Number of protein chains: 2
Amino acid sequence: MIKFDFQHAHLNENLKDYQEAVTLAHTQLHEKTGAGNDFVGWVDWPLNYDHEELERILATAQSLRGRFDVLLVCGIGGSYLGARAAIEMIRGLYCPDKPEVIFIGNTFSSTYFKQVEAYIQDKDVVLNVISKSGTTTETAMAFRMLKQLMENKYPAEECRQRILATTDRARGTLKELADREGYPTFVIPDDIGGRFSVLTAVGLLPMALSGIDVRAVMKGFAQAYDDLKNPDLEVNPAYQYAVCRRILEKQGKCAEMLVSYEPQMTMVAEWWKQLFGESEGKEGKGILPCSANFSTDLHSLGQFIQEGRKMLYETLLLVETPTLDGQFPYDEADLDHMNYLAGKSLDWVNKMACQGTLEAHEVTGGVPNLIITIPDMKEESFGYMCYFFFKACAVSVYLLGVNPFNQPGVEVYKKNMFRLLGKH
Amino acid sequence: MIKFDFQHAHLNENLKDYQEAVTLAHTQLHEKTGAGNDFVGWVDWPLNYDHEELERILATAQSLRGRFDVLLVCGIGGSYLGARAAIEMIRGLYCPDKPEVIFIGNTFSSTYFKQVEAYIQDKDVVLNVISKSGTTTETAMAFRMLKQLMENKYPAEECRQRILATTDRARGTLKELADREGYPTFVIPDDIGGRFSVLTAVGLLPMALSGIDVRAVMKGFAQAYDDLKNPDLEVNPAYQYAVCRRILEKQGKCAEMLVSYEPQMTMVAEWWKQLFGESEGKEGKGILPCSANFSTDLHSLGQFIQEGRKMLYETLLLVETPTLDGQFPYDEADLDHMNYLAGKSLDWVNKMACQGTLEAHEVTGGVPNLIITIPDMKEESFGYMCYFFFKACAVSVYLLGVNPFNQPGVEVYKKNMFRLLGKH
């Protein structure tokens, strides 16, 4: 379902020289014997996920359907990016269907919170709060304020339907609060870290609430499990990508720019940045993950990529078939001299822009390009793509000699902040 | 109005060693004797801008006020980013006031176009098309389709009020088309390049149409002209920033991450990326511009910044006073254990997060930090900030020995694309 092409990357090593190291990483991953092995629950999740909970997610979404204008998703980091990536990719940026989805609890910005609060005042709302512990400060603060808002808006019985908590199975502040208030709760598994959690209840519940077919997402996810379980580099595109990253790094490339030609893929790139940056940015190592949306950013970052410092490579995340397309219209007067494109499909023009840019960056600019092609921006492709990136990331980071599954550096600012906030 | 602080940057050179080079760059800029001197019209623009045209912008906005739900801004690159940066920064991301502003003509994505087209079907629309030549493909294609949509929606006389063209003073495809159709036209000056054009009609018209007080924007712009016209590094924060960038580059930092703690500043960062990336990414040189929004992205990029490859420095773009604030509420039950913050202002918490992060990244992580502080996210601050970044950019790039005002590399992909599109 995913095609990977490294013919435009100008690698000066052979992938097959990495086969042994890849096989080792693969084995460590599947046998749970590598670094961070407490957090590899995602590897078999496409088979082992809690099917009963998926049914409960679907039933919950069904029971609330049509009863709300706005879905508030309150979470940060791994409890935010995956759902947003899926919802924007699949529904697009100007989706005609309800509900509108607003992400909150992912910032301390007072202006942002107050504007959203005013915006939803007269709208019907469902609130999904997502936090493993319930103590993440951004999310906990927003949730307290939104809970009060909901309690002022709806009677207690209604709140117990409209507030949904995704949290630890048994313990923690949010779990206790939810049980006490009678909110339905959904489970964040213990052995799946935040950035690998999008296809647990963390992402599936907001997706289902926003009208996405989560069964199809899980179907693509399972398909990827099957397709990518072979350690042989010849046939495993995820592992090819994993190795290419390391080769390009050795060739002096310290930044990877994930490029899409679809604005609705912008948040997929943000999700990907967390996945790779947080997995590999340790011990002074790692490739800086950044992103761009073309052709938009060809008119901003294009100059730097084409002629600036030769520090980066591009990873194109291309979509074969767009969700919507149209034909460029003929115009009798042709005052804009654009009739040469009349009758062409809009997406064909996008594809030509992509091809011309690839040639410009690769050949003229000397910028290596990796190309990942997904069939479309629908459910199955999203699920498949998630697993593709999970495996590519884990193996790539194992090849770097780093534990992909911890994030010790994230705690440093929190410690300082808690001291300044006077938290005991 | 802007404070600049480099005490957290750990520079191993003295700024004053650069005074001579800075004075030279300053003189070249103000006397129009440096590289790219055909495009330094922005330097005196705060004084010399066309006051009559500003009045016409205000009158146009006034005459259309209340008559449209959606403002479509059709442009790309420098004809897109500045207006979007201003509108999001000043109005916020969930502005309660009409019009909604939608940016279009900045992508070839068919799904994006078709979704927006459907979205505005039953709404009242004003369309501002922005292109110097009128031949920029993304913008010209979108404009042809939107023009037909407007002509189907409104009678000819109404179209002549609702379609506004910002383009060359006298020549070009769009100017000719607009004159022929009778659309009001506004001027993109010849001696101001796209990425320096936000405070010409390019940005001012969409700002005014969206309800922003453009006179106040120009007041801040003029204030910055006055404050930043002294080449003395001791008193010119824009030039201090310009020099710090070069010193950090020499210290091995090849990427600059512009960081804000306000989500509504995200597009300011995108605008900044074009300004710096397109000005300096030439001849194999330049610092890669990237951006993050904290605390959101502390939960994604934070790990890499804290403990990953030591390749970047951060430039904090801080806001002293938020547009809206609130008090964190007390909760009798305190099930979330958050009462220790009860009574605190939301913005105070944001400030503590910022302080704790600065300490984490600078002291523990060894990441240099530059700090730019603006008073608020209102009109005057926006205008002031634009000029601050313009001058910092121009001088910084002159110090690099590169022409800041051309963008030869942007043409390469276009040439290839036109060949593939069959354009003669």
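This is a predicted model: local features need pLDDT of at least 70, side-chain atom pairs count only at pLDDT 80 or more; totals for chains, interfaces and linings use all residues.
Visitor: What makes the contact between A:Glu278 and A:Arg195 a salt bridge?

Guide: Their side chains meet at 2.9 Å, N to O. The cut-off is within 4 Å, so the pair qualifies as a salt bridge. A:Glu278 belongs to helix α12 of chain A and A:Arg195 to the loop between β6 and α9 of chain A, so the bridge ties together parts 83 residues apart in sequence.

Visitor: Why is A:Glu278 called buried?

Guide: Its relative accessible area is 5%, and buried means under 20%; therefore A:Glu278 counts as buried. A:Arg195, at 4%, is likewise buried.

Visitor: Why is B:Lys114 called partly exposed?

Guide: B:Lys114 has a relative accessible area of 23%. B:Glu117, with 19%, counts as buried. These two residues form a salt bridge, with their closest N and O atoms 3.0 Å apart. Both lie in helix α5 of chain B, three residues apart, and are separated by about one helical turn.

Visitor: How do you know that the span of helix α14 of chain A is close to the expected one?

Guide: Helix α14 of chain A, with 19 residues, reaches 26 Å from its first C-alpha to its last, and 27 Å is expected at 1.5 Å a residue. The span is therefore close to the expected one. Just after this helix, A:Gly366 takes a positive phi of about 70°.

Definitions and conventions
Residues are numbered from 1 along each chain as its sequence is written. Chains are lettered from A and ligands numbered from 1 in the order in which they are written. Side-chain values use heavy atoms; hydrogens and water are left out. Helices (H or I, at least four residues) and strands (E, at least two) are DSSP runs, numbered from the N terminus. Buried means under 20% relative accessible area, exposed over 50%, partly exposed in between (1.4 Å probe, protein chains only).
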